[in-house]
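Me: Can you walk me through this one? I'd like to talk about the ligand site and then the charged pairs.

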Amino acid sequence: MSGVVLSGTGGVWRVQRDEGDIVDASLRGRVKKSNAGRRADGSLRRDTIATAADTLKLAIGDRVMLEQDGSGAAWTISSILPRRSRLARRAPGGGFGERVVAANVDQVVIVFAAANPEPHPRMLDRFLVIAEANGLAARIVINKVELAGGAAVASERWSDYERAGYPIHYTSAKRDEGLDTLHDALVGKVSVLTGPSGVGKSSLMNSMFPGLDLRVGEISESVNKGRHTTVGGYLHPLPGPEGGYLADTPGLREVGMWALDPAELDRCFPEFRPFLADCRFGDCTHRVEPECAVRDALARGEISAARYDSYLRLREELEGG
Ligand code: GDP
Ligand code: ZN
């Protein structure tokens with residue numbers, strides 16, 4: 001028997017079984033063994049470190065094998081199935097490596113408003129870099145387009161991203177515009193939903209998926225307040241025959257804290273990639289080096305000044321931290 005992890009409270013995990021019902025399951029014995037593996041001073045014994053790390057890595061979206069105890073009352077998670085992808089944040093400065101925010105993710109869906117609140121392209125660039133660094137597809141949604149001259153005007157403003165190859169949806173939850181294509185892009189997939197609060201994430205999702213009853217802000221807030229001890233956000237099953245899930249992961253919003261090797265940043269800008277092999281120096285930072293193919297492309301207008309500027313700022317930030 002198998003299922004998908006919807007949320008976790010540290011010891012108990014909410015799992016949707018393949019049959020559709022949702023059960024609470026605990027990780028089997030070896031979780032608790034990580035305690036037994038501590039020395040008297042509380043430090044971990046070497047032979048149990050791997051087990052402790054494995055345990056911490058269980059995340060929403062994980063596919064797990066389930067077992068029922070003899071009485072049939074309690075469920076245990078007996079194993080975690082291999083992941084096809086994951087969204088993870090690397091602990092700055094190493095430590096126990098990365099923390100997986102969501103497993104088996106198909107795409108990151110980043111929502112901004114055309115206005116009210118004003119969009120921040122630089123914040124969008126951060127989200128995109130996180131998706132790229134995790135090898136995940138990204139999809140951009142610009143909502144509330146009716147407040148800023150409609151979809152045509154918005155598409156002008158966000159053309160840098162279209163040129164970089166990102167799919168963009170121009171929507172108005174209020175006027176029911178652009179929702180059909182966005183709906184089709186979400187069904188049957190596991191999508192991590194992110195973006196600043198107030199841009200209309202809940203409004204969009206609830207009108208596309210009646211019955212979902214998503215309250216993105218509220219869920220995140222209750223997590224912060226510790227009312228739920230949900231460590232890794234929540235995976236919402238999408239109602240409807242095609243299935244799919246939406247992951248609400250509060251952790252993704254603390255974007256400034258993500259650790260990435262500065263030398264990997266250029267590859268996280270897809271429109272830079274065709275030029276990277278043509279820089280004279282293999283470790284070109286694309287700042288001051290001679291014969292830099294990225295800056296040549298910038299001068300020709302093939303890379304946008306705003307995106308290049310974002311690259312410079314993010315690079316500086318990564319090198320400083
Ligand atoms: P979230 O925090 O991203 O989940 O945003 P909400 O869905 O709670 O929406 C924030 C506010 O924006 C609410 O007052 C919504 O009614 C409003 N809103 C959502 N979508 C639209 C839209 O397309 N146009 C306009 N004008 N307002 C919207
Ligand atoms: Zn270069």
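Reply: Here is a chat about the ligand site and the salt bridges.
Reply: This is a predicted model, where local features need pLDDT of at least 70, side-chain atom pairs count only at pLDDT 80 or more, and totals for chains, interfaces and linings use all residues. Residues are numbered from 1 along each chain as its sequence is written, chains are lettered from A and ligands numbered from 1 in the order in which they are written, and side-chain values use heavy atoms, with hydrogens and water left out.

Me: OK, how many residues surround ligand 1?
Reply: There are 15 around ligand 1, and the closest are Glu146, Ala173, Gly198, Ser202 and Ser203. A residue is near if one of its heavy atoms lies within 4 Å.

Me: And which helix gives the largest share of that shell?
Reply: Helix α7 (residues 201-208), with 3 residues. Helices here are DSSP runs of H or I with at least four residues, strands are E runs of at least two, and both are numbered from the N terminus.

Me: How much of ligand 1 does the protein cover?
Reply: 70% of the 580 Å² of accessible area that ligand 1 has on its own, by the Shrake-Rupley method with a 1.4 Å probe.

Me: Switching topic: how many salt bridges?
Reply: The count is 18, taking a side-chain nitrogen of Lys or Arg within 4 Å of a carboxyl oxygen of Asp or Glu.

Me: Where do Asp62 and Arg83 sit?
Reply: Their side chains form a salt bridge at 2.6 Å, N to O. Asp62 is in the loop between α2 (46-56) and β4 (63-68) and Arg83 in the loop between β5 (75-80) and β6 (86-90), so the pair ties together parts 21 residues apart in sequence.

Me: Is Asp62 buried or exposed?
Reply: Asp62 is buried, at 0% relative accessibility, while Arg83 is partly exposed at 28%. Buried means under 20% relative accessible area, exposed over 50%, and partly exposed in between (1.4 Å probe, protein chains only).

Me: What about Arg315 and Glu319?
Reply: Those side chains meet in a salt bridge too, at 2.9 Å, N to O. Arg315 and Glu319 are 4 residues apart in helix α11 (residues 305-320), so about one helical turn separates them.
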